[in-house]
Amino acid sequence: MRNFRLCGALTGLVLAIVATLGQPSRAAIPTAAAEYAGRALSFYNDSADPEQHQVIAAAQKSHLAERMAALVNTNLYLRANLEVGFEACGKRANASFQGKRRAIVMCTEFINLVETVAHRDQDFMMRLPKEQRSKMIDGLIWGVFFHELAHAVIHIDNVPITGREEDVADQFSAWFPINFIDTSRKSVIAPTIWFWSQLAMRRSLNSMSVEQRRRFMADEHSLDEQRIYNLACWYYGSGSEEGVEAARLAKLTSERAPRCAIEYAQLDQGMRSAFGKFFKTKPLRATR
Ligand SMILES: [Zn+2]
């Protein structure tokens, strides 16, 4: 399985990243500049493991962490520095915001997992044009990054939230790209839906032991299936053309779909209210 490279997916993903992220910034007002002097800083922590080293080298070659940091610095005020980068994490195949380090860590094992999932779903992936395959994986990595960025901003800027932070981070991961990048050129949400769908498909609650199910249900995250429908609903409710495609991909139900515009409008208001003061740039869209 490891020799499968999805037509050079990893290299492709880091090379094919659309260089349109980030928007021109407005001049920071002096008080904000003083209060929010934090900057995002990129890092790559190399690994002695050849497989993980390969991932880090590919990410480094494409300046992926630098571009993630640049997007943050262009668009967001931070009270303290935030590190953004890639490293091997051992058994954990994920991405996370680590509060003590003030770092968004994209684990190389997570990139490997993405490749594995893409390999398993060859039928779907191989139907896509070659360029689309790379964009799919690239968009997923950015989508996951935006989720972690929400955690980072919440903690560093002390954003008041109620309810589950994981759900707020999911909301941010949909709302931010819709409002700060050109989603007609760079798809972020649909790839995330695809990835969660693949993970959900391979997990069976029925085959879990009682203890496994207890741990699974006690987790802070909403169930993968719920996250898929939420993302699809918000994207669809935003009224963007790509949202229609995402709803189709997620098989959003006809019961929920008509309510999504209202859901998105609430989300939009909430995001602007909670995060608005930390944006250096104006959202691309007006309030719905
Ligand atoms: Zn999270």
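Predicted model: local features only at pLDDT ≥ 70, side-chain atom pairs only at ≥ 80, totals over all residues.
Helix axes are lines fitted to C-alpha atoms over the stretch in contact, and the angles between them run from 0 to 180 degrees between N-to-C directions.

Let's start with the whole chain. The protein chain holds 13 helices and four strands, and 40% of its 288 residues are buried. If we take contacts between residues at least 6 apart in sequence, 70% of them join residues at least 24 apart.

| Helix | Residues |
|---|---|
| α4 | 64–75 |
| α8 | 165–180 |
| α13 | 260–275 |

Now for the pair. The axes of α8 and α13 come within 10 Å and cross at roughly 95°. Angles of 65 to 115 degrees count as roughly perpendicular, so that is how α8 lies to α13. On the α8 side, Q171, F172 and W175 make the contact, and they meet L267, D268 and M271 of α13.

Helix α4 is worth a look of its own. Its 12 residues span 17 Å from the first C-alpha to the last, close to the 16 Å expected at 1.5 Å a residue. Which residues of α4 are buried? They are L64, A65, M68, A69, L71, V72 and N75. Viewed down the axis of α4, these buried residues fall within an arc of 155°, so they line one face of the helix. An α-helix has 3.6 residues a turn, so residues three or four places apart point the same way.

Technical notes. Residues numbered from 1 in each chain as written. Helix = DSSP H or I, 4+ residues; strand = E, 2+ residues; numbered from the N terminus. Buried ≥ 20, exposed ≤ 12 C-beta atoms within 10 Å, placed from the backbone. Contact = placed C-beta atoms within 7 Å. Expected span 1.5 Å × (residues − 1). Arc of directions from axis to C-beta. Parallel < 35°, antiparallel > 145°, perpendicular 65-115°, else oblique.
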